[in-house]
Amino acid sequence: MIKVAPAIRPELDPEYVPAVLWNREYRKLAAETAGSKRVVFSFKRPNGTVSVFDTVMLPHTAEYREINIKYAERIIKFLLWMKGGYEVVIANAPELAEDIAAIYSPAGERKFDYEIMGETIYGRPFKVTAVALEETPAESEMQVKLGGHLDGCRIGFDLGGSDRKCAAVIDGKVVHTEEVVWDPYFQKDPEYHKAGIRDSLRRAAEKLPRVDAIGGSAAGVYVDNHPRLASLFRGISKEDFAKHIVPIFDEIQKEYNVPFVVANDGEVTALAGAMSMESNGVLGLSMGTSQAIGYVNVNGNITDWLNELAFAPVDYRDDAPADEWSGDIGCGAQYFSQQAVARLAPAAGLEYPSDMPFPKRLEAVQALMADGDERAAKIYRTIGVCFGYAIAHYADFYEIKNLLILGRVSSGKGGEIIIEEAKKVLEKEFPELASGITFRIPDEKFKRHGQAVIAASLPTIG
């Protein structure tokens, strides 16, 4: 019923179904079909903020039920991981609400999201409720200023899945940067993480006359410096996570007794873009161990949104690659991270041992790319085409004026190819976006260490 024909197909992933194109075909069909009606999705968060998405949907009859569920569920999944929420309110579609509630339940296809969005992040049961159109919750968003402080002697750190970076900064001048390889993903002992973080901070502190403030960047969801969901700590048991990981930064802060702020690495990416470009409306995207997103809005502020688009769908084909953590298919991490490089390598004719870590596979592909190997180029061209369509998809939800790209996958010649291919897609399919979005490609040092340096600017001194 819905046919999608991308003008440019990713050569190693030719069956890729761009979410942006599928959604637009659905909306076109809904606009042309008698009986279609307005439906509103609202996302409630505990602090009283509410995000609202207004759309038109086909009649929820036997003929359209399947594609209605696909459209609504994929939009809801995207917005849950973009904005967050412990409750989804569906207005003017009670039968659809029943279907979505069954999917987002302890026994449903999205049980991972049910658990994470409920107890893990927001500390309460997740639920889907149905209301009449006139009972749609009022939208209520928040925004705050973050970062940009360069005074004093500061330490900034960035915790990734394959390395941790740390910088020492004096009145805005970088006096030390360091990158240390580590492997936190499946470590079971919390002391591994504590020792690694303390080691990086200690070495940075040795380069400063004193420490006035510490700022950190890390993948995951952080509330008041407390990790709520983070792939860095996936190997830790629930009991140890609650006992040792949730207070990990509180404990380190007490050791230095200075202002201490930890933010999602995507937010720091976006802040870096806003500061470097002296502009706002910045979507920052880091292609590293996973995919990290951050957003500085057109007012120069951040919101309370999650911006965890590693879990947000970008590919709507029925047999899209699955995320090994959440179990869902077609989500961002499989397309814009080291996982994407590893997934595409066999299709490019590059075989690596199954026990070879993804960072090492990326290094191998980067080395081939530096030598002009066409197999490596195919991988980057494929990522770039998928990225171009994903940018257009993101632009349906974010107001984007500037796009900043960081992370290991975007380093070197391969990163240049990704940008070139993404721009081709925008110019061919979405000319209004091609002319309205400025790509920001930092130099190699900024790509690798920029987040640590900008993280140092997060706390306010005094």
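# Reading cavities, strands and aromatic pairs

Guide: Lining the second largest cavity are Lys37, Val39, Met57, Leu58, Pro59, His60, Asn68, Ala93 and Leu96. The model under discussion is predicted.

Visitor: How many cavities of 30 Å³ or more does the count give?

Guide: The count comes to 2 cavities of 30 Å³ or more. The largest cavity holds about 490 Å³ of space. Its lining has 40 residues, and those closest to its centre are Ala219, Asp265, Gly288, Thr289 and Ser290.

Visitor: By class, what is in the lining of the largest cavity, and which elements each supply at least two residues of it?

Guide: By class, this lining has 13 nonpolar, 16 polar and 11 charged residues. At least two residues each come from the strands β5 (153–159), β6 (163–170), β12 (282–287) and β13 (291–296), and from the helices α9 (338–344) and α14 (444–455).

Visitor: Which element gives the most to the lining of the largest pocket?

Guide: Strand β11 gives the most, with 4 residues. Elements that each supply at least two residues are α4, β9 (221–223) and β11 (260–264). By class, the pocket lining has 15 nonpolar, 5 polar and 5 charged residues.

Visitor: Strand β6 was named for the largest cavity. How many of the residues of β6 are buried, and how many bridges join β5 to β6?

Guide: Strand β6 is mostly covered, with 7 of its 8 residues buried. On one side of the pairing, β5 and β6 run antiparallel and are joined by 7 bridges. A hairpin through 3 residues connects β5 to β6.

Visitor: How many bridges join β6 to strand β7?

Guide: Strand β7 (residues 173–181) runs antiparallel to β6, and 8 bridges join the two. Alanine 168 has histidine 176, in β7, as its bridge partner. The hairpin of β6 and β7 has 2 residues between the strands, and aspartate 171 there takes a positive phi near 50°.

Visitor: What relative accessibility does lysine 111 have, and where is it found?

Guide: Lysine 111 is found in helix α4. Its relative accessibility is 45%, so it counts as partly exposed. Neighbours within four places in sequence aside, lysine 111 is in contact with Ile103, Ser105 and Pro106. The C-alpha atom of lysine 111 is separated by 9.5 Å from that of glycine 327, which is 216 residues apart along the chain.

Visitor: Where does glutamate 115 lie, and what is its relative accessible area?

Guide: Glutamate 115 also has its place in helix α4 (residues 111–122). Its relative accessible area is 45%, which makes glutamate 115 partly exposed. Between the C-alpha atoms of glutamate 115 and tyrosine 104, 11 residues apart along the chain, the separation is 9.0 Å.

Visitor: How is an aromatic pair described?

Guide: The distance of the ring centres and the angle of the planes describe such a pair. The count here comes to 28 aromatic pairs. In tryptophan 22 and tyrosine 26, the ring centres are 6.0 Å apart and the planes lie at 10°, so the pair is stacked.

Visitor: Where do tryptophan 22 and tyrosine 26 lie?

Guide: Both lie in helix α1 (residues 19–32), 4 residues apart, about one turn of the helix. Tryptophan 22 is buried at 6% relative accessible area, and tyrosine 26 is buried at 0%. Elsewhere in the list of aromatic residues, Phe41, Phe53, Phe78, Tyr394 and Phe397 form one aromatic cluster.

Conventions: Residues are numbered from 1 along each chain as its sequence is written. This is a predicted model: local features need pLDDT of at least 70, side-chain atom pairs count only at pLDDT 80 or more; totals for chains, interfaces and linings use all residues. Side-chain values use heavy atoms; hydrogens and water are left out. On a 1 Å grid over the protein atoms alone, a cavity is a set of points where a 1.4 Å probe fits but cannot get out, and a pocket is an open set with protein on both sides within 12 Å along at least five of seven lines; lining residues have an atom within 4 Å of a point. Grid points are joined across faces, edges and corners, and a volume is the space filled by probe spheres set on the points. Ala, Val, Leu, Ile, Met, Phe, Trp, Tyr, Cys and Pro count as nonpolar, Asp, Glu, Lys and Arg as charged, and the others, Gly among them, as polar. Buried means under 20% relative accessible area, exposed over 50%, partly exposed in between (1.4 Å probe, protein chains only). Two strands pair if DSSP finds at least two bridges between them. Contact means heavy atoms within 4.5 Å. Rings of Phe, Tyr and Trp (its six-membered ring) pair if their centres lie within 6.5 Å; planes under 30 degrees apart count as stacked, over 60 as edge-to-face and the rest as tilted.
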